[in-house]
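User: I am new to this structure and would like to learn how to read its features. Please guide me through them in turn.
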Amino acid sequence: MSKLKERVVRHSPSRGEGSPDIWGIYEPDTGSIQYICADPETKKAALIDVVWNFDPQHYRFSTESMDQVLDLVRENGLTVEWVLDTHPHADHVMASAHLRERTGAPNAIGRKVHDIAELWREIYHMPEAFDPDADFDHLFAEGEKFRIGNLEARVMLSPGHTLGSITYVCGDAAFTHDTLMQPDVGTSRADFPGGNTEQLWDSIQDILALPPQTRLFVGHDYGTDGRDEPMWEATVAEHKAGNRHVKDGTNREDWIRRRNERDDTLPLPDRILAALQINLRGGRLPEAESDGRHYLKLPVDRF
Ligand SMILES: [Fe+2]
């Protein structure tokens, strides 16, 4: 998917009291950015949107991304306190269940994962499938506050890309996942089941209403025609001044029309039908069958 092939790691240092240390770890197969958000004082950390590598050509999994993230955690003397996801991803499989087991930290996602599960039970015709209350230790409500070490974090509901996407705000940082892309790219798509372009606009406006120096960390980057290096951090002020889709002065209706036109041209991510049925189990495969193997279910002629 992405032309960027390097596993780039970048540190965005704490800006002082109340501000987290952040590491972004670029996953080149899916163009995903995984994050470590740490309190510099207590060395407690949250892991956000970490990938369980899945090769769609061979239907094989590997743990290189989560291994790399956990190596960084160790090298920096951190303790994992939370395993977080912003939404059940369509383009990659999440490492949540594995990380919960490997770190002992609770895993969490937004409470509206229940509504997303409802939608996909129908699509997969698996009326009994998915039990987010069992597969996640915690489901965040809109506005809920929690701590990463001594840092205060809170949850903003950011529907649009999915109906239950959330943004984690921690001090002067916010993890905006698939709402905004980097300023030179623009915004994310809103055409998956449960997506909504109007809601995505409103969610983006809420994010851009955060203080101007807030560091926004996006969920994906694929580079541009003129940029061969992945980028994932920009401030609210930088987005307002120069985001090519939603900078200050953008007309809501124009953006909605352009977004919908663009989304009509985009193919489904190659991993979507495998990813959702695993991600809605918190990153766990369906139970093994009597031969000891795991199987996935695919709806035909549905999309
Ligand atoms: Fe996504």
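User: Which residues of strand β11 form its covered face, and which its uncovered one?

Analyst: This is a predicted model, in which local features need pLDDT of at least 70 and side-chain atom pairs count only at pLDDT 80 or more, while totals for chains, interfaces and linings use all residues. Residues are numbered from 1 along each chain as its sequence is written, and side-chain values use heavy atoms, with hydrogens and water left out. In a regular strand the side chains alternate between the two faces of the sheet. In β11 (residues 145-148), Phe146 and Ile148 make up the covered face, and Lys145 and Arg147 the uncovered one. Strands (E, at least two residues) are DSSP runs, numbered from the N terminus.

User: How many bridges join β11 to β12, and in which sense do they run?

Analyst: Strands of a sheet pair through backbone hydrogen bonds, either parallel or antiparallel. Two strands count as paired if DSSP finds at least two bridges between them. Here β11 and β12 run antiparallel and are joined by four bridges, with Lys145 opposite Arg154 of β12. Two residues separate the strands of this hairpin, where Gly149 takes a positive phi near 60°.

User: Which residues coordinate the iron ion?

Analyst: Donors are N, O and S atoms within 2.8 Å of the metal (3.2 Å for Na, K and Ca); water is not among the atoms, so sites may look incomplete. The iron ion is coordinated by His87 (NE2), His161 (NE2) and Asp178 (OD) at 1.9 to 2.3 Å. His87 lies in the loop between β7 (79-84) and β8 (93-94), and His161 in the loop between β12 (151-157) and β13 (166-170), so the pair ties together parts 74 residues apart in sequence.

User: Is His87 buried or exposed?

Analyst: Buried means under 20% relative accessible area, exposed over 50%, and partly exposed in between (1.4 Å probe, protein chains only). His87 counts as buried because its relative accessibility is 0%; His161, at 4%, also counts as buried.
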